Structure formats: structure tokens, C-alpha cells
Amino acid sequence: MEVTLVRASVDDAETIWKMQLVAFQELLDRYQDLDTNPGNEQLEKVQWRFSFPATYFYFIQVDGMNAGAIRIIDHHDESPKRISPLFVLPDFRGRGVAQAAIREAERIHGSSNWSLGTILQEKGNCHLYEKMGYRQTGESKVINDRMTLVFYAK
């Protein structure tokens with residue numbers, strides 16, 4: 001299995017948006033985080049992200065097929081690089097795709113000075129990031145009575 005990152009452009013916004021609706025639906029159903037979940041976003045928000053300074057969107061491809069996407073914010077200065085969001089489509093989960101995508105993002109953008117947030121209740125996500133060398137910062141944000149975001153740095 002070959003996992004690669006392929007740079008996306010604003011012309012790919014609708015494809016990424018449709019993919020993220022599928023990828024985040026289960027979490028949206030579980031946590032009902034209507035204001036924060038990418039699975040509840042409008043296309044215009046994804047298009048806006050492309051215009052955000054220092055944004056790099058990549059398709060995560062497995063053997064040449066789109067399996068997800070990752071957005072990196074990298075100002076190329078002393079500020080931390082940020083992953084937001086990272087998602088893998090359901091058919092590609094459980095195969096190390098997210099781990100390989102993070103490794104590739106770190107190869108492209110550098111292996112240190114990263115930040116991200118994830119759902120505390122999603123133990124698999126927390127385990128993935130911790131396995132990749134990320135550590136909780138101690139900062140958290142309660143979204144609702146079902147869900148808390150925790151923040152990581154590397």
C-alpha cells in the first residue's frame with residue numbers, strides 16, 4: 001500500500017467538502033457538534049480555508065485513489081504548524097493511512113513544532129497522535145456535554 005499526499009487547489013474544494021461530509025458523519029451523529037464538526041460545514045467554508053494564509057491542502061491517496069485529506073497551516077516561521085483537519089474515508093480506515101499521511105506531512109513541512117486538536121472521547125485518535133510523538137498540552141475545550149477537544153503539540 002502506497003500512501004502519498006497530492007497538493008489540492010481551490011478547484012478541488014468541492015471534492016474535499018464531499019469527502020469530509022462522509023468522513024465526519026459518524027462523529028457528527030455521535031457528538032452532535034453542529035458548530036464545530038467539518039461534517040456539518042458548507043462548501044463555502046472549505047473554499048474559505050483555501051484562501052487562508054499559509055494553507056496547504058493535500059489529498060491523501062492510497063495507491064492513487066483519494067482516501068482522505070489533510071490541511072496543514074505552515075507560516076514557515078517560528079509559529080507552530082497546524083493540522084486541521086485530517087480525515088480518512090471509512091473504506092480506508094484501520095490500515096495505517098492516517099499515520100502514513102502524518103509522516104508524509106512531517107517530511108514535507110518538517111518534523112517538529114506541530115499542533116492539533118482532537119476529540120478526547122475518541123481514544124483511537126488520541127492513541128494515533130501519541131504514537132506519532134504528539135503530547136497533550138493540558139489545554140482543552142468543552143464543546144458540549146458529549147464532547148471535549150484536547151490539544152496536542154510536537
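Visitor: What makes β3 and strand β4 (residues 81-88) a pair, and how many bridges join them?
Guide: This is a predicted model, so everything here is read from predicted coordinates. Five bridges join β3 to β4, and the two strands run antiparallel. Pairing calls for at least two bridges, so they are called a pair.

Visitor: Why is β3 called largely enclosed?
Guide: A residue is buried when its relative accessible area is under 20%. Seven of the nine residues of β3 are buried, so the strand is largely enclosed by the rest of the structure.

Visitor: Which residues of helix α2 (residues 43-51) are buried, and how do you know whether they share a side?
Guide: L43, V46, R49 and F50 are the buried ones. They cover an arc of only 120° around the axis, which means they lie on the same side of α2. The face turned away from that buried side carries E44 and S51, both exposed, and exposed means over 50%.

Visitor: What do the buried residues of α2 pack against?
Guide: They pack against α1 (13-31), β2 (55-62) and β3 (65-73).

Visitor: How do you describe the way helix α3 (residues 97-109) and helix α4 (residues 123-131) meet?
Guide: Two packed helices are described by the angle between their axes and the distance between those axes. For α3 and α4, the axes come within 11 Å and cross at roughly 40°. The crossing is right-handed.

Visitor: Which residues make that contact?
Guide: From α3 there are A98, Q99 and I102, meeting L128, Y129 and K131 of α4. That contact divides into four nonpolar residues, one polar and one charged.

Visitor: What joins strand β6 (residues 135-144) to strand β7 (residues 147-153)?
Guide: A hairpin does, through two residues. The strands pair in the antiparallel sense over six bridges, against a requirement of at least two. R135 has A153 in β7 as its bridge partner.

Key:
Residues numbered from 1 in each chain as written. Predicted model: local features only at pLDDT ≥ 70, side-chain atom pairs only at ≥ 80, totals over all residues. Heavy atoms only, no water. Buried < 20%, exposed > 50% of the residue type's maximum accessible area, 1.4 Å probe, protein only. Helix = DSSP H or I, 4+ residues; strand = E, 2+ residues; numbered from the N terminus. Arc of directions from axis to C-beta. Contact = heavy atoms within 4.5 Å. Axes fitted to C-alpha atoms, helices over the stretch in contact; angles between N-to-C directions. Left-handed = near helix turned anticlockwise from the far one by under 90°. Nonpolar A, V, L, I, M, F, W, Y, C, P; charged D, E, K, R; others polar.
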